[in-house]
Amino acid sequence: WLTAVISTVFSSIVSVQRNILTFFAFVILFIVATAIISERKDIKAVLITYLITALLSSLNILVNYCIGHEYKWKRYSVYYMGVYKDPNYVSAFIVPAVAVLLYKLLITKSGNTFRTILYSVCCLILIVGVLATGSRAAFLTLLLATIIILFYFIIITSNKVLKFYTIGVLF
């Protein structure tokens with residue numbers, strides 16, 4: 001990958017555009033990240049960084065919603081320094097963060113009430129951000145991920161009351 005990108009960037013046939021340079025930067029970032037990440041704490045740090053970035057993107061979408069910066073008709077996206085990003089791409093970036101937080105909320109057992117409230121608020125902000133983009137595919141993916149996580153929760157939980165309520169929410 002690296003040699004292909006370098007040869008493309010320095011080719012006399014191809015004019016260097018922003019897309020090629022962005023691709024080159026991401027390839028280098030990927031190589032460096034995979035070379036550095038080797039322990040569980042490193043993976044956790046990358047995951048937390050991803051969740052924070054997705055949360056900031058959702059907050060940017062919500063600010064654009066509040067001040068009326070529409071991408072197109074009733075669709076909102078990340079707007080930074082005069083540049084809009086495609087709402088479908090932004091929502092595809094945010095949806096996995098929602099799945100991670102839902103998993104942390106339902107599956108992992110943390111007795112910490114503050115952490116549970118924090119995850120719930122962050123998950124709500126992410127979901128509203130995804131819905132504000134107006135992406136139908138992201139909505140369906142979000143729905144499917146939620147159903148899968150809830151089914152998994154039904155299977156692993158031993159509390160019959162929680163199983164009953166979860167099945168009631170699903171159906």
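**Helix packing and selected residues**

α3 passes α5 in a left-handed crossing. Keep in mind throughout that this is a predicted model.

Let me stay with that pair for a moment. Helix α5 covers residues 113-133, and its axis comes within 8 Å of the axis of α3, with a crossing angle of roughly 55°. That makes α3 oblique to α5, because angles of 65 to 115 degrees would be needed for roughly perpendicular and angles under 35 for roughly parallel.

Now the overall layout. The protein chain has 7 helices and 2 strands. The protein chain has 171 residues, and 26% of them are buried.

Back to packing. In general, two packed helices are described by the angle between their axes and the distance between the axes. How do α3 and α4 cross, left-handed or right-handed? The crossing of these two is left-handed. Helix α3 is residues 40-67 and helix α4 is residues 87-106; their axes come within 9 Å and cross at roughly 125°. An angle over 145 would count as roughly antiparallel, and α3 and α4 are therefore oblique to each other.

The next pair is α4 with α6. Their axes are 10 Å apart and the packing angle is about 15°. The cut-off for roughly parallel is under 35 degrees, so α4 and α6 are roughly parallel to each other. Here the crossing is right-handed.

Which residues make the nonpolar surface patch? They are Leu 131, Phe 139, Leu 140, Leu 143, Ile 147 and Phe 151, and the patch comes to about 530 Å². Helix α6, residues 136-156, gives the largest share of the patch, with 5 residues. Ile 147 is found in α6. Its relative accessibility is 31%, which means that Ile 147 counts as partly exposed. Membership of a patch takes over 30% relative accessible area, so at 31% Ile 147 is above that cut-off.

Trp 73 lies in the loop between α3 and β1, where β1 is 79-80. Is Trp 73 buried or exposed? With a relative accessibility of 71%, Trp 73 counts as exposed; the cut-off for that class is over 50%. Trp 73 and Gly 134 are 61 residues apart along the chain, and their C-alpha atoms are separated by 9.5 Å.

Cys 122 is found in helix α5. Its relative accessible area is 15%, and because buried means under 20%, Cys 122 is buried. The C-alpha atom of Cys 122 is separated by 9.5 Å from that of Ser 58, which is 64 residues away along the chain.

Last, Ala 33. This residue is found in helix α2, residues 18-36. At 29% relative accessibility, Ala 33 counts as partly exposed. Between the C-alpha atoms of Ala 33 and Val 46 the separation is 9.2 Å, and these two residues are 13 residues apart along the chain.

Methods
Residues are numbered from 1 along each chain as its sequence is written. This is a predicted model: local features need pLDDT of at least 70, side-chain atom pairs count only at pLDDT 80 or more; totals for chains, interfaces and linings use all residues. Side-chain values use heavy atoms; hydrogens and water are left out. Patches are made of residues with over 30% relative accessible area and no salt bridge: like charges are joined within 9 Å, nonpolar side chains (Val, Leu, Ile, Met, Phe, Trp, Tyr) within 5 Å. Accessible areas come from the Shrake-Rupley method with a 1.4 Å probe; for residues, only the protein chains shown count as cover. A salt bridge is a side-chain nitrogen of Lys or Arg within 4 Å of a carboxyl oxygen of Asp or Glu. Helices (H or I, at least four residues) and strands (E, at least two) are DSSP runs, numbered from the N terminus. Buried means under 20% relative accessible area, exposed over 50%, partly exposed in between (1.4 Å probe, protein chains only). Axes are lines fitted to C-alpha atoms, for helices over the stretch in contact, and angles run from 0 to 180 degrees between N-to-C directions. A crossing is left-handed if the near helix is turned anticlockwise from the far one by less than a right angle, and right-handed if clockwise.
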